[in-house]
Amino acid sequence: MAEKLAPDKRHSFTHGGQKVFEWDQTLDEVNIYVDLPANVPKKLFYCKIQSAHIEVGIKGNPPYLNHDLACPVKTDSSFWTLEDEIMHVTLQKRDKGQTWSSPILGQGSLDPYSVDLEQKRLMLQRFQEEEYAYASCQSGYSPSRIQVSTSLRLNSLGPALTQGPSWEARAPIEIFYFDLLALANYSEYLAMVRSFLQAVSSEEVTPPLRVVQMEGLAVLKIIKHCNEFSPALVTGQLLGLDVGSVLEVTNCFPFPTREEDEEIEADGANYQLEMMRCLREVNVDNNTVGWYQSTLLGSFQTVELIETFMNYQENIRRCVCIIYDPSRSSQGALALKALKLTDSFMDLHRNNNFTGEKLREKKLSWVDIFEEIPIKVSNSALVSAFMTELEPESPVAQCDYDRLKLSTAPYVERNLEFLIDCMEDLSAEQNKFQYYYRNLSRQQAQQQAWLQKRRVENMARKAAGEEPLPEEDPSNPIFKPIPEPSRLDSYLITNQISNYCNQINGVAGQNFNRLYMMKALHEN
Amino acid sequence: MAVLRIFPPPSPVLSARLHPVVLFSICDFYVRRPDQADRVIGTLLGTVFGGVVEIKNSYAVPHNESADQVTLDVEHHRNMYMSHLKVNPKEVLVGWYSTGVGVSGGSALIHDFYVKELKDSTKDIREAQNSVPPVHLTVDTGFSNGEASIKAYMSVNLSLGDRSLAALFQEIPLDLRMIEAERVGSLHGPFTFRCAAPRLRCSMIYQEGQVNPDNDIGRFLSDTLASVPKISPVAFDKVFNDRVQDNLALVYLLSLIRAQLSIAEKLNAAAQTDGQQTTMSIST
């Protein structure tokens, strides 16, 4: 922490080509470093610090420095020391937080750009200090959490900065205003803080996310919400903590189903605000770590999902999407999945470039878009105690009959229907690519023909002694480059198809089990 | 002569049903409570149908308790209620919960508050007539009797003449209800899936005498096995073979599709590397 507060480098004040002293400043003090001549005994150096004046010199000689200070200082907490060959004068600023452009009045001032930089650096320090002060009075905060909540505060300061398409995707807004807001250069401060945060976050080595740890409460809430509204699709927000390589999800709340109405947008944001505020009052973790959504038979790989991910990723360093499939859970398995976009895909999406070239460069194929993270369910000790108490006594009578269901036909049928639809979409995409390539080659042929003609013409003109015409003609429509269709859609469809395949495969495998078991029972 | 009269509740509430989400939520809030509070108080949401109160959801409300006074954050309660109603308008206020054992004096005050809230929140008269007085749930998180005790109470007014003396909290039967998916979700730690196959295996173990046979389980197993419908072997074989063939066809189809996907991808990539010179026809 101290390293962050220390200034980066000292400013040098030269006069007449000679370095008079070096100086720097922190939030509450200014340090002046004076090089001392080597052949003078230490006892002869003196430094007189007054509230608005400083005097440095050797006893018995005219003073080396005898100037007014740029701003007042606290004399009782200012001091000077001799360190090696340097006199280090520490001046305690009376007005903490004020940026000094120079220690000495009227001389050695920094250029306006450096003054600006200094000011920003000090503001950042102050911001950081207040952050830590806030964090230290709340129990159980980890450093990564502070980072998350800082970026959340960023959103509260500038709603115009986050242009989320859907309010579900916007990160929740915290109502926490510092007096820093009273600063004049508002937007500049924001930009500076954002760049600072980005710099800091890229400096830290973020361990890769290995597991998502969910509390039983969050799992049950998600299941309840999705089941209640099935077959309609619903979404909700996940709250929790980001700890190293584990993302903990401790609580969640559902979003109300949104109708296609513009006024509901503001309502939705209000709802989020309310929920976050109320949950904070009862000590629930107030950090968004992602969102959850229900899906129908696994058809969730859409462009909207990616858009939502990108929106979240801008604001939160690590976020995850939990997908729950109520129809599969009725088959007896808990269909809960945690998804994340792979980093390489995110970079590509940021540049919005999905041409084949780029993809081959990065060796990205359709499996690399989403990354599935294993989920671990954990419970607090109290809840485990309750569960062991309340668990029904005879496990035999309470078995999951659903798993023994032999009639899985409807489920498989629906899966197959979706699969067929997806195949049709895929073939449509393939046709698009075919069309594009055909056009491209046709254009090439046309270009060649035109070029030939031009060359012949030029020969003729040369023979006649005229200027040759240029060999390129950008205004000619046959030279217009044809845009390559984006491959993103076909990748997503391929993902869907593979998902359906896996699901049906699973069910088919189970079917085999059941059939053979029936056969065995029958023979008995 | 003044007679002690007990007024029965307006509509008979026979029992209450609790969803495990509520229990988890209460425990979670109890673990997170501020240090100076002994217990956690919150609102219960759910539905009432046919004399059974089904408690489906809950949220905690911050409160302060001292020797003679209880204060509740009404604003918070109302805000959360509105927010929850936005998500699910059918889940209405049905009562309140507190952790700890038994019903204390402070609880009676809080109960009165909730009675008033319930009256305020029911909008039309018809609803008010059908409304049921709020249920009070206590969850013993301290395990004071060495066991988990979750009890639900209905309040009954004791009055002497015109003055109401006290409120008697009568316990009503409570049962923990879990739907299939919730049951799967509530198994903590590694999911202990109970499948029929292990049970058959364990029945074989019983027969071999390795495990002390439990009569109940043995009888249950034999009943189950006996209840398998008897079909003639020919018919069964036909059905069986048909199903197996269908499944095999499915599996074959799926692997075909997967091969198709990877080939399509490779062809696309190849078409690009060959570039604009050759036209490759990509057949699907």
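Biologist: Which helix of chain B holds both Lys238(B) and Asp242(B)?

Modeller: The two residues are 4 apart, about one turn of the helix. Their side chains meet in a salt bridge, 3.4 Å from N to O. A salt bridge is a side-chain nitrogen of Lys or Arg within 4 Å of a carboxyl oxygen of Asp or Glu. The helix (a DSSP run, H or I, of at least four residues, numbered from the N terminus) is helix 8, residues 233-274.

Biologist: What are the ground rules here?

Modeller: This is a predicted model, where local features need pLDDT of at least 70, side-chain atom pairs count only at pLDDT 80 or more, and totals for chains, interfaces and linings use all residues. Residues are numbered from 1 along each chain as its sequence is written, chains are lettered from A and ligands numbered from 1 in the order written, and side-chain values use heavy atoms, leaving out hydrogens and water.

Biologist: Is Lys238(B) buried or exposed?

Modeller: Buried means under 20% relative accessible area, exposed over 50%, and partly exposed in between (1.4 Å probe, protein chains only). Lys238(B) has 55% relative accessibility, so this residue counts as exposed.

Biologist: How far apart in sequence are the parts tied together by Glu54(B) and Arg17(B)?

Modeller: Glu54(B) forms a salt bridge with Arg17(B), with the closest N and O atoms 3.8 Å apart. Glu54(B) lies in strand 4 and Arg17(B) in strand 2, so the pair ties together parts separated by 37 residues. A strand is a DSSP run (E) of at least two residues. The value is 37 residues.
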